Structures are given as structure tokens and as C-alpha cells.
Amino acid sequence: METFINPKSLFHLLLLPCLLLYSSIAYNSSPVEAAMHTNNWAVLVCTSRFWFNYRHMANTLSLYRTVKRLGIPDERIILMLADDMACNTRNKYPAQVFNNENHRLNLYGDNVEVDYRGYEVTVENFLRVLTGRHETAVPRSKRLLSDEGSHILLYMTGHGGDEFLKFQDSEELQSHDLADAVKQMKEKHRFKELLIMVDTCQAATLFNQLQSPGVLAIGSSMKGENSYSHHLDSDVGVSVVDRFTYYTLAFFERLNIYDNASLSSLFSSYNPSLLMSTAYYRKDLYKRRLEEVPVTNFFGSVMETIHTDAAYKALSRRNSGRFEDEMSLDQSVHHIKRRMLIKVNDGDEIHDINPEGEEGASKCPWSTFRNKFQKAENVDSLLNYGLVAMIPLLVISTWLVQ
Amino acid sequence: MAETKEKSLSDEKPKPRVRPIVRLGIFLISHSFHFSVVCCTAGVLALFLLPVLAKNTYISENALMPGSASPMLSNQHVSDGNRLVKDLTNPNSKSSETGIESHKIIAQYMLDLGAEVSFHKFHPQMNQFHPLHFFSSPDSGKIQENYSCSSYGINTVGIIRAPHGDGKEAIVLVTPYNALKSGFGEALSLGIAYSVFSLLTQVTWLAKDIIWLVADSQYGEYAAVAAWLREYQTPKFSSLSTPNAEMCPDVNNLFELKGHSISGSKFSNSFRRAGTMASALVLKVRDQNEQFEDTISIYAEASNGQMPNLDLINVVNYLAVHRQGLRVNVEKLWSLLNSSWLKSLGEIFESLAKVAKSLYPKWKFGIPATEYVEGTATLASSLYYQALGVPTGPHGAFRDYQVDAITLEISPKFSLDKVWRNDILLRGGRLIEGVIRSVNNLLEKFHQSFFLYLLTSPSKFVSVGVYMIAFALLIAPLPMVAASLYVDANSSSNCSKGDSSTPSAITDTDEHSIAIRSWRWLNSAKLVFIVHLWGAIVSLLPYFISQIPDCSPTTSFMIWVLLSILSLLTLNSVLASPLACAKATQEKEWALVKSVTISSVFIGLGLMSVINFATAEIGALLMVPMCLLAQPLKLDVRAGTLRSFCRMICNLVLGHIAFPPAAFFLLKGMLDGFGNANVGDFWMWVESLWAWNSATYLFIGMVQLPCWVLCISILFHTC
């Protein structure tokens, strides 16, 4: 008996690592661009302190509210605020922050999770968040746990100049630092696509050194231009929002999670005469056509849909088709729901690839694996049949012996 | 042989190249006459160009954001203020002899608003001459022994704590108030302050505490504020003062009544403090006014020409002009406004600017002639008050503690109309509110803008980098001329000796005589030193003269003059007689004396320009021409040419003008007319200078007077 069973189990044991190896090779060797958009992250940074920079915090909080409204959950937003205007003694409305003089919307209401606040917002911490090089004690909520399927929105506002952005009135982030951090992120497969949005003076200069593929950058002003505040709240006594951010928000206020306005429509919505500066976007590192990329790819958590007949069947990474831009609105409702569903599944799959691979030996849910298992299964069944055929033989032989 | 050959070779070699800077120095020294004429002219011209070069002011500090918040002061607060004004002007409140009733009313009003209130009792401290206290901070340890209960003042202090603030900083609002003979203006200023105060008790945006000081001005506004500040900044730990305060029945009465009527409230007998002062505003309303529109005058000069940060003036100016529609004034020398020569100078500049603009359109530096005249008048008064070194208002007391402060004097177009009164309360109150809100936004002390500047109008200033040019040009020739005189004196005597002696004798005696000659200037230096020593003694004399009781200013002045002459003669006789000695030994001695004098004046002016620029500038205008022109009259008479005659006249005129009392009377005559000039005035003026610890006093005593004496001695040199 044992002699018959052992080879079989041995065979299985040998087979499994081989399969695992194969699947992992197939997974890694595939080009990065081919990785699917599976999740969304946002890093929102306000870099300046002091009461008269109220608007920068308001900018960041407004964008925080927008991306949250469009579906990026709190645990995937890293919010960095260099100062606390809400609790500033000069604030006429304690514990409230407004981005409009009509005071209709309190940005600092419930459910605002600030990950880095006050003096924690430093260039060092910012670069650590991007590159993921944290000290061991840093909690997961303060880390950017993105992967190669992530779309990341990086929004920064503060005071900048030619190729730098001031942090905390004491240090600077230079365009080299930013480019280096992005490069490291790319090498560590920390993003699939990255949208950098900067609202400072001479914001465009901050992108000069970027060279990693998949990065799209937009800044509020060209070199030599200032970015201006939009309006002054004479009640609070400070400017409450910057022009670039104001018009960005105005664009998004018209959208909901189901809209599919493209990035190009966002970028073309900036009117230089209203902005009093020229919004500049750099797209030479970005492969996709901006007309085909919905803004919710970055500002929301909406990604491509793959239609499946069964829950666990026919989910192929390779065969996934391109996103259809021209789908109608009524369709998209269903679509989105499915997308969300798939998104959740996707998230699970990323982390559970190895267990599934192990399971695959017995359950074979993946069609890709099925072919590979075909031969092995044949051998198996042959053995089984042989075993079954041997039973009568055994019976006959024992009977004969008796 | 070889050695001698080498030596001769080296002798024959061309001189090593002199470094360019040395060559430039030699060139300048050899042409010192032309150089000094050009520089002095340029210096005076640059001074007159300053109004043209003035820049527009701008808010330098980001955090201030004046006018970004709309004023919250409403008619409700104005009517509150009006109520206080009515109560204070009510004849019933003036029944008390000491005016305590009005203090009680003010304190009660403050308490009703929920502010912390305390009284600060002080004894007026007469300013006295303390020879060793120049530049030192006011002393806290001084306790006057000979005070009496009848002579004390009461400051009422109200403090609002910032609701969310940390209590580390404070803004001070001061309203001088004389309870005994208050005019309507003072009551009105209290009304304005009260309306702002009542608003500030309600707002949530305060980051700094607000202190409202009602300074009892019956012993002078400055004294009251200074006394309160002294107490605030340097707490007394002596047990002497507290029992003293209770010995006076009136004060006791005051405290008792208060404690009785409002027990458990925020009233306290002890001295109350808030945080570090960020800035202070002194608010006054002028009683009489014949202006056609509401104006507000800014007084900024503190002791020794110190100015508050320009940003503070900018904020007030911006808010007053652009928000409240008030006209802003700074002090002007009114007499200059009508001077025709200034007008023509302005026209010349204007036409020059036009020509320059037609040549190159980007040159836009011209200002209209009328503007130029006004700018010059303002600049002159700015220079004058800074040079005087006496604060122009109670704000000066704050500057001694490095707190930026200004005095705002509102002069409304007067009428007793109620509508008008409400209007001035509203606008004045909103101005104060705006300034406080703006300062409240500050994160640090005022530091962004200039501290060293001269104003040419409320919105134009000349910064230190520009006005120093005029001064530098004026004093630049001094070292050159000194060096050239020194070289001349040496070389000329050298030549004369060379001629008389035979060439063979030179070699032997030369080194020795050169060694002696090169130290000959020490003789002159000794003379200069003695005269400066005398200057120091003269500056100390008033301290002793002021101890003489019952002495009228005129007699004091006479005593001073007599003692000064006496001491000069004594010093001269005791410490050898340098002039006689000089005459015996050297013909050119006067040149050396002049050289050393010029050097010492250069040092003195340079030092003074660091301490108080305006004094140094005015001093340089008087002294530099005198020093440079000084030459023995005998020589000029002997020469008999037109040039020497002119020089003689100039010397005589300058010799009169540069004498400090003469300069004072001349200036006073120009400003007020010569009719009521009195010899005692100078004594009073000097008294005020030392009372305010003005460095100008030291400058006059220890730089200008010795310089004048030395120049006179050169003029009358017998050579």
C-alpha cells in the first residue's frame, strides 16, 4: 500500500512548488504597465504654517473632502497639515475651517483624520511617506501602503519658488527630492500611475526633474508666475482659498462618483484669466490619453470593470479589456456597482495570491492554471484508474492464494 | 663687494608696484581740497535730494494683513462709548477734589464689561540728571522718600484676557486722562477706547491680551505711563511701598469702596499684568481744531531718535486713509512750507526730472515742487525731533522697553453735534480696532520693516541705506584732509630744515629729527585731549548747578558759562599751555592741531551716527565746514587776496553759528521768531535734554563744543 501511495504524494509535493514558481514568475515578469489599476490613494499635503496661511489648510481640507466624497476611503488618504488653523486663537470660529466666505461648509467637521499634523509635517516625513521607509513604530494608518496597481493623487500646497516648495517656514522640498522620491516609488512598485497636483507660486518648476513613467503632473502656475488667493473672508480676516484650488473644487463640485469627466476636461477647465496664472501640466511621462482617463481614476476610487459571468471564473488579468469610455450613464450605474465589487475582490486577490495558488492544485479555479494542470490531472487519474484496476487484481490474487 | 653691488642694484631697481588702494589713497590725500569740496557739496545736495528719493511705504510683514477683516465695531459699542463720555463730562463726577470719582466711573464701566480692573497708584518721578544713567534702562530700585499723600496719580488699568490665547502677549491701549481738568477731547478719547474695549470683550479672535491703561496725566502723560511701565516690567519687591499706599486715606477709600460695592468681582488691589507687550497705541483727541476735515496725527519719535517699526505706522496709515477716510499727518516744520527758496529748489528738481524723463522714459524720479516742499518740511521735522532725542509723546516710554508704540492724535473738525460725535467715535474706534486686529495677527515682534528711517510724508520714507549716503559724503573728506594736513605739516617743516642745513649734515641728524617730528603730533593730540576733557567737565557741570536751590534758568546759564570758562583757563594753565608751547616750537603747529581736531571730530561724528543719526547729520552740517575751513585769521589777513578774505568771512560766520547756544538761538528764532528769545531758554532746553537722557546732550558737550573751541583757537592762532 505505502509503496503505491508514496509516489503519488511525492509527485504532488514536487508539483506544487513548481507550480508556485511558475505562477510567481509569470506574475512578476509581466510588464508593470500591464498591472491592473486596483486601488486609489491620496496624499494631501499643506506645507505652510501661520495664521495668514489659513488658505493652504483650507485648500487641503477641501480637497480631502472632495476625494473622500468621490470614494477614496479615509484609510487610503494621508492628510498632512502643517498647522492647526481650526484651533488657532485668531480664528473667529473656533474649531471650524471654511473655504468660502459664505461659511456654508465647515471643512473641519466630523471625520477628519489628520495623519501628520503640525511639526510632524517635514520634508523628511513627507519623503518617508512616499518611499515607504518608515521607522518600525509608525502605525499603518500613517503609511502609504500602495502597490503597483495603485493610482496615487499627490496634492501639495504652500509657498514655493523656482524648483522648491517651502515646508514649515524652515525647510524646502526641492524638485530633485521629489523626482528622486517618485523614482524610488516606481522602483519599489508603489504606484501604477501618479498624479501630482501642486498649488504654489511657480509650481510648474517643481516637476522639472521628474523622469519616472506613469507620472502626470499639474501645477497652478508657470515659472515666474505667482499663484493667487481667490478671495478674502472679511469675517475671518484672511484669504480662505487659492484660485487654482478653488476652480479645481468648482470643477469637482459638479461631479459625482458616477460621472466620467476626463482629466483633459479638468485640465482645460482652468482659465488663465481667472487663475491669474497659467496652469501647467506635464504629460510626457504619462502614456494614456488624457481624454480617456476619467478624473475619478485619481480623485475617486473608480477603476475599470471586468465583466465576469461567475464570481470566481474567468477572471483573467491578461484578458481584461480596456475601459470603455463611451458607455452611457444608465449603464454606468450598474457598471460602477460591479466595479466596486470587483475592486474589493481585487484587493483581496492581491494579498492572497499565494494561498490561492496552493489551493489551485485541488480546486483549479483559474483558467490559466487549468491548462497547466491538465497533464498533471491526467497522470493523476491514470494512477487512480490503475489503482482501482488493481483492486480486483488484488482480490483475485488473494482469492487465488487462499 | 658683492654685497654693495647687490645693494646698489636693488637701489636702482624700479620701486615695487604700489597697491591700487594705496595709490588711490595717496591720490585722494594729495587732492584733498578738491575732494572735500566735491564731497561736501554732494553731501548737502544729497540731503536735499532725500525727499525725491523717498520710497512709498509698504506693509512688510505678511502676518499683519491690515484691513482684511471688516470692522465689527457697531453702533451699539458707539453708544456704550457715548454713555461713558456723558458720565465723565457730567459735572457731578467732578465734585471730588482728586478726581477719584471719574476713576471710579471708568473702573465700574470696565468691570461691567467683565474685564479685570486694578488701580495703579504712583508718585510722579521728576526727571533728574543722572550723569551715569545715560543709555541705561530706567531704574526700578529707586523709591522716593519724600513723597506725600497729596501728590500721587492713579492709573486705571483694565485687562481683557484672550479667550483662547495663551496669555503670553499683550497689546496696550493708552488714553491719557486728567480727572481734574479734563477737556472734552480727553473724555472723547476715553469714549473711543471704551467702545473698542467693549467690542473686544465679546470677540473670539483675540490671541493677545488687551490692556487698557487710563493714564492719570495730572503730572504729565509721559510720567504716568512711564511709572506704570516701570512697575509692569520691573516688579518691586520692597515692602516699603505697599504700606505707604495704604497710609493715604484717599486711596484707601477708593479701594475700599470698590471692594465693597462689587465683592467677588474681577477687581483687585494688586498690580495686574498680562503678557509681553507686542505694541502700544496711545490715543488722544485734540480739543481745539480748526481743520476742515478729520485728521489724525502720528507721533513716533522716542528717546534718542528711536523709531517704532515702520510697519506699525504703515498699518495705522493704511487703515486710516483707506478704510476710515481720515487724513493722516505727521509733524512738519510749518515755517519751511512757505519758504520760497525751497519751492524754487523743488522746481529745479522737477524740471531736471522732466529733462531726464525726456531723455530716457524709464527715469521717473521727479516729484512735483509742492510735494517736494512738503516732503522737505516733514523730513526736516523728522530730523529735528530725532536729533533732539526727546520723545514726542507718552509712546516714548514704551520704546525704552523695546515695545513699538505710537501716539495717535485725532483732531476732529469740531462741533458738538451728536451725530458728529457718534461719527468720530465710530471711525476712531474702527481704526483702533483694525490696528489691534492687525497687531493681533502678529506671530513675532515687529521685525520685518525698518527701524531706522526718516518720514517725508505718512506714506513715504527714506531708509537708512539712502540717508546714510548724505552723511557719509559729508564726513568722507575729514580723514583725507586730516591726513593731507599731517603730511603737509611734516613735509613743509622738513623742507625748511633741509634748506637751512648743509647736505652733509642731513645724514647724521635726519633720523633723529624725523623720529622727533613724527611724534610731534602728540603735542597737538594733548591739546585736543585737554579740550575734550574740558568738554566732559562742562557736560557734568549742570548736575551741580541744578543742585543750587531757587535758581532761575538765566542765572543757571550764566553760572554754567562762567564755570566753563574758568575751568578751561584752569585746565589750560595746569596742564601746560600747549598753544604757547606750539608757537615756540613750530610754525605749522596749527595745521597739526587742525589735523587732530578733524580726526577727533570724524570719530565723534561716526560714533554719534550709530547712536542717533539725525544728531550726527545736523552736527556734521555745522561742524564739517567749520573744521575744514578753519585757518588762522592772521594768515588770511596777511595774504590779503580775495580768496583768503572770503575764507575769513566764512570762518567768522561759521565760528558764530557752530557755537551750540548760538546755533540753538538761531534755530529757535527761525522756528518761533526772534522776538521772545531768552538766554534762559538754552538752559531749559539743555535741562530737558539731560532729563530725557538724550545722547544729543553728550554730543554737544563732548564733541561739538570742544570742536568749536579748537577751531576758534586755530582761528586766533598767532603764527
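A residue is called buried under 20% relative accessible area, exposed over 50%, and partly exposed in between, with a 1.4 Å probe and protein chains only. This is a predicted model, in which local features need pLDDT of at least 70 and side-chain atom pairs count only at pLDDT 80 or more, while totals for chains, interfaces and linings use all residues. Residues are numbered from 1 along each chain as its sequence is written, chains are lettered from A and ligands numbered from 1 in the order in which they are written, and side-chain values use heavy atoms, with hydrogens and water left out.

**The two chains**

Select chain A. Its secondary structure comes to eleven helices and twelve strands; helices (H or I, at least four residues) and strands (E, at least two) are DSSP runs numbered from the N terminus. Of the 402 residues in chain A, 47% are buried.

Select chain B next. Here there are 28 helices and twelve strands, and buried residues make up 51% of the 719 residues.

**Where the chains meet**

Display both chains together. The contact (heavy atoms within 4.5 Å) takes 15 residues from chain A and 19 residues from chain B. The area buried between them is about 1,300 Å², of which carbon and sulfur atoms give 58%; buried area is the accessible area (1.4 Å probe) that two parts lose on being put together, summed over both. Select Phe52(A), Thr89(A) and Arg90(A): these supply 47% of the area that chain A buries against chain B, more than any other three residues.

**Helix 6 and the cores of chain B**

Select residues 184-200 of chain B, which form helix 6. The expected span of a helix is 1.5 Å times one less than its number of residues; for these 17 residues that gives 24 Å, and the end C-alpha atoms are 24 Å apart, which agrees. Because 17 of the 17 residues are buried, helix 6 of chain B is largely enclosed by the rest of the structure.

A nonpolar core is a set of buried Ala, Val, Leu, Ile, Met, Phe, Trp, Tyr and Cys residues joined through side-chain atoms within 4.5 Å. The largest one has 78 residues, and Leu200(B), Trp212(B), Ile406(B), Leu408(B) and Ile432(B) have the most contacts inside it. Helix 6 of chain B provides the largest share of this core, eleven residues. Apart from it lies another core, of 74 residues, including Leu379(B) and Trp590(B).

Now centre on Ile432(B). Among the residues that Ile432(B) touches are Leu173(B), Ile192(B), Val196(B) and Leu408(B), not counting residues up to four places away in sequence.

**Salt bridges**

A salt bridge is a side-chain nitrogen of Lys or Arg within 4 Å of a carboxyl oxygen of Asp or Glu.

Select Arg49(A) and Asp83(A), whose closest N and O atoms are 3.7 Å apart. This pair links loops of chain A, its members being 34 residues apart. Arg49(A) counts as buried at 12% relative accessibility, and Asp83(A) is buried at 14%.

Move to Glu253(A) and Arg65(A), a salt bridge with closest N and O atoms 3.3 Å apart. Glu253(A) lies in helix 5 and Arg65(A) in helix 2 of chain A, so the pair ties together parts 188 residues apart in sequence.

Finally, select Lys332(B) and Glu374(B), which meet in a salt bridge at 3.7 Å, N to O. Lys332(B) is buried, with a relative accessible area of 14%, whereas Glu374(B) is partly exposed at 43%.
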